[in-house]
Amino acid sequence: MAEQSEELVPRESMDFDVVIVGAGPAGLATAISLKQRAADAGAEVSVVVIEKGSAVGAHILSGAVIDPVGLDHLLPDWRGDPDRPLKTKVAKDEFLFLTARRGVRLPAVALPKLMDNHGNFVGSLGNVCRYLGRQAEALGVEIYPGFPAAELLIGDNGEVVGVATGDMGVAKDGEPKPDFTRGMELRAKYTILAEGARGSLTKQTIARYALNKDSDHQKYGLGVKELWQVRPEVFRPGLVQHSMGWPLPNKAGGGSWLYHFDDRLVSVGFVVHLNYENPTLSPFEEMQRFKTHPMIRDVFAGGKRLGYGARAIMEGGWQSVPRLSFPGGCLVGDSAGFVNVPRIKGSHNAILSGMLCAEHVFEALTEGRANDEVSSYEEAWRSSPIGYDLKRVRNVKPLWSKYGTLVGIGLGGIDMWVNELLGYSLFGTLKHGKPDYATLKPLDQVTPIVYPKPDGVLTFDRLSSVFLSNTNHEEDQPSHLQVKDMGLQKRSEHDMYGGPSQRYCPAGVYEWVEDAGGVRYQINAQNCVHCKTCDIKDPNQNINWVTPEGGDGPNYVDM
Ligand SMILES: Cc1cc2nc3c(=O)[nH]c(=O)nc-3n(C[C@H](O)[C@H](O)[C@H](O)COP(=O)(O)OP(=O)(O)OC[C@H]3O[C@@H](n4cnc5c(N)ncnc54)[C@H](O)[C@@H]3O)c2cc1C
Ligand code: SF4
């Protein structure tokens, strides 16, 4: 049993066959597939999904160009559904290599077929999740938005037996407020973690059961996104454009996306790989600079910025996938690390992994098992379409990291071509370099990057951007951004690295403020957009992201 303070009333508990943490594509596909299997077998299975966002989709941020393979398998009739969430088909695929003033459009024939987007759809993954949520509820899945899973419940034999939602109405000093409400225990035969990139319970579970002992460490990027409505003259429905190169220096990896869809909407974003070295680099400002490129800026002239947000993306791929099963549960989707990095796509694998997991968990349930390890799921994924998708591109990210943008992209491209034509990689399976938190150089060893000031028309500051994320946190609650050792933060993060959290955080949460008392670390936790970058990139792993009160965080629309 999880520990409970003696003064607190015991939590009420509810029992289910399966509890799923996270209403993203992975969690919802798991739930739908379990119910479909039960209906086919004439069996009953009780499934609950809990979601920390105020509604399904509120915390979902993605590009998104979506490979429909997952949806086609999960809901074969979705394309004919008038309520379908994806309506814009990819019409044209462009890839640019940018220098500061110019750019080269790479011919489509030069791009590996693995990168081809024809047949895919452009849209909002948040809206896909809202659609999946409706489908799941119609099948009898219980979905509770506004309830973060704050704690794993551990049984007598060390197995996971469910999760507890967080207490509500706790003051900053930890004391209960008049509206205090105890969290609930959701007990289950199997607990599925579908928290997305760097989930807080997934992190604990991987550590508790040493799920990554045989895998390479995980790698991440940070994606910063804006949603615009643009002039009709520049709108090209179904255009999918990616770029690499400027504004990032050769040693920092990443690139942009620009997707045209629906009613004159353009999703624009920039991913920075979090293994960058220069602590003065700001992914937010790189994204702002990108929009000013002569080949890009005209798209936004006269347009209106509608939305803003940011989210970490998994980049470790095949060699970083941890063991997927543990006593009492499984990892699915980005919790498992199923993103194909060169394609910047994970939502199809999130859905496919939910279905694969459901297949094995349902089998275990029908055999009358509970709270044991569903190791058949772990054994199945590498030979499934997910394994096929990830294995072929496994060396692209290590090549980018090792050789920088110019040479790395070239080698990664050649590797994908060879894989496509001959079915193997020239490089075996490369290892990733250091974990992302260990790549920063001390401030005195780098040339500080100076960013231009925002113009308020095409480029913006953090605070006006965060406003568009509609993020909101109850201020009188314990901070969900826990700095374990404040002395270390000052000595190292501030004195040695120059306070990189002030620049990597895309929401302006962290500030080193100088006043009469000296320098202090100010944490504006209410601005947090739940991207999880601080949990990943802090050079001492001294920041721990935990779930805030239920429903807090961004309220993304069409993201
Ligand atoms: C910037 C960016 C661009 C991308 N572009 C594309 C693209 O164009 N195409 C594509 O296919 N993929 C893209 N991806 C990847 C894709 O978005 C992910 O692979 C996919 O969202 C993973 O689905 P998931 O269900 O595993 O996790 P998520 O979509 O992250 O969903 C997880 C859900 O769990 C909830 N949650 C987390 N922790 C808890 C908790 N403790 N308690 C309760 N709820 C919790 C979250 O609020 C969220 O709703 C992109 C990702 C990023 C970050
Ligand atoms: S505080 Fe951390 S999780 Fe929140 S927005 Fe900033 S970097 Fe992201």
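Strands β3 and β7 (residues 121-122) pair in the antiparallel sense over 2 bridges, where pairing means that DSSP finds at least two bridges between two strands. Within this pair, V65 has V122 in β7 as its bridge partner. The two strands belong to an open sheet of 3 strands in the order β3-β7-β4, with antiparallel pairing. Its edge strands are β3 (65-66) and β4 (88-89), each of which pairs on one side only. Strands here are DSSP runs of E with at least two residues, helices are runs of H or I with at least four residues, and both are numbered from the N terminus.

A word on the ground rules: this is a predicted model, in which local features need pLDDT of at least 70 and side-chain atom pairs count only at pLDDT 80 or more, while totals for chains, interfaces and linings use all residues. Residues are numbered from 1 along each chain as its sequence is written, chains are lettered from A and ligands numbered from 1 in the order in which they are written, and side-chain values use heavy atoms, with hydrogens and water left out.

Now to strand β15 (residues 239-245), where 7 of its 7 residues are buried. Buried means under 20% relative accessible area, exposed over 50%, and partly exposed in between (1.4 Å probe, protein chains only). In a regular strand the side chains alternate between the two faces of the sheet. Both faces of β15 are covered, with L239, Q241, S243 and G245 on one side and V240, H242 and M244 on the other. Strand β5 (residues 92-98) runs parallel to β15 and is joined to it by 7 bridges; there, D93 stands opposite V240. With strand β16 (residues 254-261), β15 pairs in the antiparallel sense over 4 bridges, and Q241 has L258 as its bridge partner in β16.

Next come the charges. Side chains of opposite charge can pair when their charged atoms come close. With a salt bridge taken as a side-chain nitrogen of Lys or Arg within 4 Å of a carboxyl oxygen of Asp or Glu, the count comes to 30 salt bridges. Here are some of them:

| Salt bridge | N to O distance |
|---|---|
| E233 and R231 | 3.2 Å |
| D389 and R343 | 3.4 Å |
| D495 and K490 | 3.0 Å |

D389 lies in helix α8 (residues 385-391) and R343 in the loop between β20 (329-331) and α6 (347-366), so this pair ties together parts that are 46 residues apart in sequence. Both D389 and R343 are buried. E233, by contrast, counts as exposed at 60% relative accessibility. D495 is partly exposed, with a relative accessible area of 44%, and K490 is also partly exposed, at 30%. Elsewhere, R11, E151, E185 and R187 are linked in a network of salt bridges.

Finally, the surface patches. They are made of residues with over 30% relative accessible area and no salt bridge, joining like charges within 9 Å and nonpolar side chains (Val, Leu, Ile, Met, Phe, Trp, Tyr) within 5 Å. E7, D173, E175, E475 and D476 gather in a patch of negative charge. E475 sits in the loop between α10 (462-468) and β21 (481-483) and is exposed, with a relative accessible area of 55%. A nonpolar patch of about 540 Å² is made by I414, L421, L422, Y424 and L426, its area coming from the Shrake-Rupley method with a 1.4 Å probe. L421 has its place in helix α9 (residues 396-422) and counts as exposed at 63% relative accessibility.

Technical notes:
Lys, Arg positive; Asp, Glu negative; His and termini not counted. Charge placed at Lys NZ, Arg CZ, Asp CG, Glu CD.
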